[in-house]
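This report describes a single protein chain.

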Amino acid sequence: MTTSTGATTGTGTARAAEGSQLRSDWTEAEARALYDLPFPELLFRAQSVHRRHFDPATVETATLLSIKTGGCAEDCGYCSQSAHHETGLKATKLMGVEEVLSQAQKAKEGGATRFCMGAAWRSPKDRDLDAVCAMISGVKAMGLEACVTLGMLTPEQVTRLGAAGLDYYNHNIDTSPAFYPEIVTTRTMEDRLDTLASVRAGGIRLCTGGIVGMGESVDDRIAMLLVLATLDPHPESVPLNMWNEIEGTPVMDKADKPDPIAFVRLVALARLLMPRSIVRLSAGRHAMSDEMQALCFLAGANSIFTGDVLLTTGNPERDKDAALFARLGIRAAAPAAVEMRSAAE
């Protein structure tokens, strides 16, 4: 017997609860089975889990600023900032502290609750951390959460960032272990995981996700999420990026933009595998329709980047985001409010 919603009587509660418990032992078969569920069932399960830990009508808004652009020694095949690629991007020096804090203030006035700062480095030099730590302290003094992405870190550098008050460190794993060598050769997946382990050991929360649309398979996308979902504990923040076409990058020759429904399925899977993690719609959102974004929120996404630019690529204007939120009845979260349910449990 089935109910009017299509859930089997007697098992509906069990299905809704599936994935709500924190697990770090997910298998590939389990993840694939969830991903392949009929779309209505997948979204029902993801939304049910989402509601256990978050307000479904609240979305975190963050702003990302490139504080040092271009000239990176890494050869990441998707990136406009790599010194290995001819993308026409001019390398810049590290921005001044006051200039960065001015941008942070504008982000706060625009409704952002988290301010993220990205520098195109393979790894930061110790002398550069003085300025970065001052930026972090200044952002925190404004009442914003602070996040940085600086490349690979030593344990000593993690300690310095933590002492400055850093809330999150972003270090994406990009893709699956199997596809990773097709995208990056100057460092390994293990290098990235080592940095994540150092950050976690230093008491800083993790922001780590990946990119889809670079020519990888669906199996690669699921495997990428499994790497994150088998970390113990799970990353607190999981950004999902849709690759932006960038002339001059090697990925241009193999890129294959995912079907919108396939991307929504990935968001739902991330929510089921990592129930308490914030799932962010990151790069590529300017190419998503309002309807696609609405489905992503229904599937468990609860964070976006606001502002016209993400590092070097486009992003929807704040007014457009505000209009979408109004149409959907979604509220921008107050600082830390998006995590309130998780923290209370």
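## Basis

This is a predicted model, in which local features need pLDDT of at least 70 and side-chain atom pairs count only at pLDDT 80 or more, while totals for chains, interfaces and linings use all residues. Residues are numbered from 1 along each chain as its sequence is written, and side-chain values use heavy atoms, with hydrogens and water left out.

## Chain

The chain has 12 helices and 12 strands, taken as DSSP runs numbered from the N terminus (helices H or I, at least four residues; strands E, at least two). Of its 345 residues, 55% count as buried, meaning under 20% relative accessible area with a 1.4 Å probe, protein chains only.

Contacts are heavy atoms within 4.5 Å. Among those between residues at least 6 apart in sequence, 75% join residues at least 24 apart.

## Helix 8

Helix 8 covers residues 218–229; its 12 residues should span 16 Å at 1.5 Å a residue, and the end C-alpha atoms, 17 Å apart, agree with this. The expected span is 1.5 Å times one less than the number of residues.

Nine of the 12 residues are buried, so helix 8 is largely enclosed by the rest of the structure. Among them are Asp220, Arg221 and Met224. Their cover includes helix 2 (28–35), helix 7 (189–201) and strand 7 (237–242).

## Glu41

Glu41 lies in helix 3 (residues 39–53) and counts as buried because its relative accessibility is 13%. Its side chain makes a polar contact with the side chain of Arg45 at 2.8 Å. A polar contact is a pair of N or O atoms within 3.5 Å; within protein, one must be able to donate a hydrogen and the other to accept it, and residues adjacent in sequence count only if both atoms are side-chain atoms.

Conventions
Buried < 20%, exposed > 50% of the residue type's maximum accessible area, 1.4 Å probe, protein only.
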